[in-house]
Amino acid sequence: MKDKYLIKFADCIPVKGDNRSTICDLTRNTFDFIPNDMFDFLDTNNKLSLEKIMSKYNETDKVIVSEYLEFLEKKEYIFYGAKDEIECFPDIEIKFEKPYKLLTAIIEMSDDLSIIESAVNQIIPLGVKYIQLRSLTNIKIEVLDKILSLFLESSIERIEIFIPFSENQTKEQFETLIDKHLRISTINIFAAPFSEDILRWRSKLLFSEKEITSHSLFSCSRCKTFRINVEFFTEANFFNVYFNNKVSISKNGDIKNCLSFDKSFGNIKSDKISNIIKKANFTELWYATKDITAECKTCEFRFICFDSSDVFYNGSDYERAEKCNHKL
């Protein structure tokens with residue numbers, strides 16, 4: 001026993017909450033609930049010998065410790081190694097760096113292509129990789145094709161589309177669009193009279209009966225949305241992942257943090273996105289991490305939770321504008 005050392009897998013990271021904790025497996029993209037006592041046990045005993053660990057507990061507590069060790073080993077959160085092997089298993093360094101000024105742009109579509117074209121011309125030089133095109137009203141296939149053609153020679157990697165169902169548009173038309181514009185990851189057709197998922201090459205065509213009548217209904221703050229991987233976890237330690245490196249452009253050209261918010265920081269007809277994203281009042285939400293948000297900072301999900309609730313500063317902490325229901 002004295003030659004066996006408890007070693008936690010570096011990609012399995014415990015996160016302590018008010019009443020319980022989680023262990024986030026950043027490679028397998030899963031998590032488990034654990035009691036806070038088990039969190040404390042891991043926090044204080046990682047990389048110690050079993051002999052030293054057991055020497056700290058009385059006979060009653062040793063039974064509990066043995067159960068903890070059995071659970072953690074069975075789940076492959078820990079393993080045992082020799083003392084000279086410990087240095088071979090360093091912890092993951094929690095840091096986050098990206099080479100772009102913007103990562104994501106959400107653009108509200110309309111028949112006024114001049115606003116969309118101006119937005120595209122401004123965001124591409126900023127390093128944007130992901131685009132979401134959305135509309136609450138019907139967009140003709142021909143117009144959608146013209147919008148997508150603006151990205152044909154760009155560095156954009158993925159385009160997601162949300163539009164309402166129209167009886168004048170067929171599955172075949174959307175499939176043709178996907179075949180032409182290979183950057184499309186998903187076309188979401190909402191308010192359809194049926195539900196159907198169609199896989200087209202690497203893309204998806206999704207028909208949903210869900211009604212979406214306002215941009216607030218695109219919000220993910222009312223559903224359980226967890227993203228468990230190294231990139232998301234590390235980013236969440238330093239940024240509000242939903243707002244970080246993101247800009248939204250309304251159909252009128254207003255530049256916002258989120259399309260459902262009233263606050264605008266300028267208009268694309270008269271302002272440059274590159275200037276807007278340098279302003280502290282625009283990027284404030286980027287840095288409003290869950291660690292400094294009142295309802296979130298003691299939540300065990302705070303580094304895997306992806307939600308779009310607005311937050312505001314109350315003088316000491318940030319507060320959510322919407323009630324959280326992520327407590328399972």
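**View 1. Phenylalanine 226, with a relative accessible area of 22%, is partly exposed, whereas phenylalanine 301, at 1% relative accessibility, counts as buried.** Buried stands for under 20% relative accessible area, exposed for over 50% and partly exposed for what lies in between, with a 1.4 Å probe and protein chains only. The model is predicted, so local features need pLDDT of at least 70 and side-chain atom pairs count only at pLDDT 80 or more, while totals for chains, interfaces and linings use all residues. Residues are numbered from 1 along each chain as its sequence is written, and side-chain values use heavy atoms, with hydrogens and water left out.

**View 2. Two aromatic pairs are shown from a structure that holds 22 of them.** Rings of Phe, Tyr and Trp (its six-membered ring) pair if their centres lie within 6.5 Å, and planes under 30 degrees apart count as stacked, over 60 as edge-to-face and the rest as tilted. Phenylalanine 79 and phenylalanine 89 make an edge-to-face pair, 4.9 Å from centre to centre and with 70 degrees between the planes. Because phenylalanine 79 belongs to strand β5 (residues 78-81) and phenylalanine 89 to the loop between β5 and β6, this pair ties together parts that are ten residues apart in sequence. Strands (E, at least two residues) and helices (H or I, at least four) are DSSP runs numbered from the N terminus. Phenylalanine 79 counts as buried at 18% relative accessibility, and phenylalanine 89 as partly exposed at 34%. In the second pair, phenylalanine 226 and phenylalanine 301 have ring centres 4.6 Å apart and planes at 35 degrees, so the pair is tilted. Phenylalanine 226 sits in the loop between β11 and α7, and phenylalanine 301 in the loop between α9 (280-283) and β14 (311-313), so that parts 75 residues apart in sequence are tied together by this pair.

**View 3. One aromatic cluster is formed by Phe232, Tyr242, Phe243, Phe261 and Phe306.**

**View 4. Asparagine 245 occupies the loop between α7 (230-236) and β12 (246-249).** Its phi is near 55 degrees, a positive value in a residue other than glycine. With a relative accessibility of 10%, asparagine 245 counts as buried. Apart from neighbours within four places in sequence, asparagine 245 is in contact (heavy atoms within 4.5 Å) with Tyr100, Lys101, Leu102, Leu103, Thr104 and Trp286.

**View 5. Alanine 191 lies in the loop between β9 and β10.** The phi of alanine 191 is near 60 degrees, which is again a positive value in a residue other than glycine. Alanine 191 counts as partly exposed, at 25% relative accessibility.

**View 6. Three strands in the order β2-β3-β4 make up an open sheet with antiparallel pairing.** Its edge strands, each of which pairs on one side only, are β2 (12-16) and β4 (30-34). From one strand to the next the twist averages 25 degrees. Strands pair if DSSP finds at least two bridges between them; here, five bridges join strand β3 (residues 21-25) to β4, and the two run antiparallel. Isoleucine 23 stands opposite aspartate 32 in β4. Helix α1 (residues 36-45) lies across β2, β3 and β4 and runs at about 125 degrees to β2.

**View 7. Eight strands in the order β10-β11-β9-β8-β7-β6-β12-β13 make up an open sheet with mixed pairing.** The edge strands, β10 (196-200) and β13 (255-256), each pair on one side only. Two bridges pair β12 with β13 in the antiparallel sense, and isoleucine 249 stands opposite isoleucine 255 in β13. Helix α4 (residues 113-123) packs on this sheet, where it touches β6 (104-108), β7 (130-134) and β12, and its direction makes about 175 degrees with that of β6. Helix α6 also packs on the sheet, touching β8 (158-164), β9 (184-190), β10 and β11 (203-207), with its direction at about 155 degrees to that of β11.

**View 8. The axes of helix α5 (residues 141-149) and helix α6 (residues 171-180) come within 11 Å and cross at roughly 10 degrees.** This makes α5 roughly parallel to α6, the label for angles under 35 degrees, with over 145 being roughly antiparallel, 65 to 115 roughly perpendicular and the rest oblique. Axes are lines fitted to C-alpha atoms, for helices over the stretch in contact, and angles run from 0 to 180 degrees between N-to-C directions. Ile141, Leu144, Asp145, Leu148 and Ser149 of α5 meet Gln173, Phe174, Leu177 and Lys180 of α6. Sorted by class, this contact has five nonpolar, two polar and two charged residues, where Ala, Val, Leu, Ile, Met, Phe, Trp, Tyr, Cys and Pro count as nonpolar, Asp, Glu, Lys and Arg as charged, and the others, Gly among them, as polar.
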